[in-house]
Amino acid sequence: MNKNLFFILFIAIVIPNVSLAQTAQGIGLKAGLNYNANGDYFESINDNYKNPDRNVGYHIGLFGKIGNQVFFRPEIIYTSTKSDYDDDSFEMQKLDAPLLVGLKVLGPISVFGGPSLQYILDTEFDGIAINNVEEDFSVGLNFGIGLNFKKLGIDLRYERGFTDNEATFIGNNGISTDRLDTRPDQLILSLSLLL
């Protein structure tokens, strides 16, 4: 899909819901850290115990919340991820638009999940810009658990991309080509503030 389709979806889905959220429950700011995995999640964590900042990225954005016991939470987030492969690093910047449905289960605890629309803004592998990612637009899944104390919240979620999406680049020898899977596979820890 192209850039125009992503922005049409953004305008058609996210903006009206955030506007509605202003009257139903509220809008807010969120930011946090994300841990991006390379391959098997547990194997990736085990490989990184010596360098814990190796695959850590960050995110910042806005969210809306409609409802209380059962709620809808659209978000628009700028995300920067990093994945280390041996001595090289793959970095990606993207816009995420999760469309989450949640349920308050006990006191301040809630669970949520839903699709996430993702648009890749930029990719770079060891200082080399990669322009040939198969698809700039993809769809993933977010699900997690949150704690909300009045206006302050914290949540932990898992994100996984649905669509196979690879970046191709030419190796150092100038002949061979290599591929990287650009689908998100990450844990995301966020702090949020309802305005």
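Modeller: One term to begin with: a cavity is a set of grid points where a 1.4 Å probe fits but cannot get out. The model is a predicted one.

Colleague: How many cavities of 30 Å³ or more does a search of the whole structure find?

Modeller: The search finds two of them.

Colleague: Which residues line the largest cavity?

Modeller: The lining is made of Lys30, Asn34, His59, Ile77, Thr79, Asp96, Pro98, Asn142, Arg157, Glu159, Gln186 and Ile188. Two or more residues come from each of β1 (26–36), β3, β4, β8 and β11.

Colleague: And how does that lining divide into nonpolar, polar and charged?

Modeller: Three of the residues are nonpolar, five are polar and four are charged.

Colleague: Which element gives the most?

Modeller: β8, with four residues. By class, the pocket lining has ten nonpolar, eight polar and six charged residues.

Colleague: Back to Lys150. Where does lysine 150 lie, and is it buried or exposed?

Modeller: Lysine 150 sits in the loop between β7 and β8. Its relative accessibility is 84%, so lysine 150 counts as exposed. Its phi is near 55 degrees, a positive value in a residue other than glycine.

Colleague: Let's zoom out. How many helices and strands does the protein have?

Modeller: Two helices and eleven strands. From the N terminus on, the order is α-β-α-β-β-β-β-β-β-β-β-β-β.

Colleague: What share of the residues is buried?

Modeller: Buried residues make up 44% of the 195 residues. As for contacts with a separation of 6 or more, 61% of them are between residues 24 or more positions apart.

Colleague: Which residues make up the largest nonpolar core?

Modeller: There are six: Ile76, Ala97, Leu99, Leu117, Tyr119 and Phe137. β4 (88–106) and β5 each supply at least two residues of this core.

Colleague: Take isoleucine 76 from that list. Why does it count as buried?

Modeller: Isoleucine 76 has 17% relative accessibility, and the cut-off for buried is under 20%, so it counts as buried. It lies in strand β3. Its C-alpha atom is separated by 7.0 Å from that of leucine 95, which is 19 residues apart along the chain.

Colleague: I also had threonine 81 marked. Where is threonine 81 found?

Modeller: Threonine 81 is in strand β3. With 4% relative accessibility, threonine 81 counts as buried.

Colleague: What is threonine 81 in contact with, leaving aside its neighbours within four places in sequence?

Modeller: Asn34, Asn36, Gly57, Phe90, Glu91, Met92 and Gln186.

Colleague: One more residue, glycine 140. Is glycine 140 buried or exposed?

Modeller: Glycine 140 counts as buried, because its relative accessibility is 0%. Its place is in strand β7.

Colleague: And which residues is glycine 140 in contact with, beyond its neighbours within four places in sequence?

Modeller: Gly114, Pro115, Ser116, Gln118, Arg160, Gly161 and Phe162. The C-alpha atoms of glycine 140 and leucine 117 are separated by 6.5 Å, and the two residues are 23 apart along the chain. Leucine 117 is one of the residues of the largest nonpolar core.

Colleague: Now the confidence. What pLDDT does the protein average?

Modeller: The average is 75, and 59% of the residues score at least 70.

Colleague: Where is the pLDDT under 50?

Modeller: One stretch is residues 39–45, for which the model has eleven contacts beyond four places in sequence. Another is residues 165–170, where the pLDDT is below 50 and the model has 37 contacts beyond near neighbours in sequence.

Colleague: What should I do with the coordinates where pLDDT is low?

Modeller: Where pLDDT is low, the predicted coordinates should not be read in detail.

How values were computed. Residues are numbered from 1 along each chain as its sequence is written. This is a predicted model: local features need pLDDT of at least 70, side-chain atom pairs count only at pLDDT 80 or more; totals for chains, interfaces and linings use all residues. Side-chain values use heavy atoms; hydrogens and water are left out. Ala, Val, Leu, Ile, Met, Phe, Trp, Tyr, Cys and Pro count as nonpolar, Asp, Glu, Lys and Arg as charged, and the others, Gly among them, as polar. Buried means under 20% relative accessible area, exposed over 50%, partly exposed in between (1.4 Å probe, protein chains only). Contact means heavy atoms within 4.5 Å. A nonpolar core is a set of buried Ala, Val, Leu, Ile, Met, Phe, Trp, Tyr and Cys residues joined through side-chain atoms within 4.5 Å. pLDDT is the predictor's confidence in each residue, from 0 to 100. On a 1 Å grid over the protein atoms alone, a cavity is a set of points where a 1.4 Å probe fits but cannot get out, and a pocket is an open set with protein on both sides within 12 Å along at least five of seven lines; lining residues have an atom within 4 Å of a point. Grid points are joined across faces, edges and corners, and a volume is the space filled by probe spheres set on the points.
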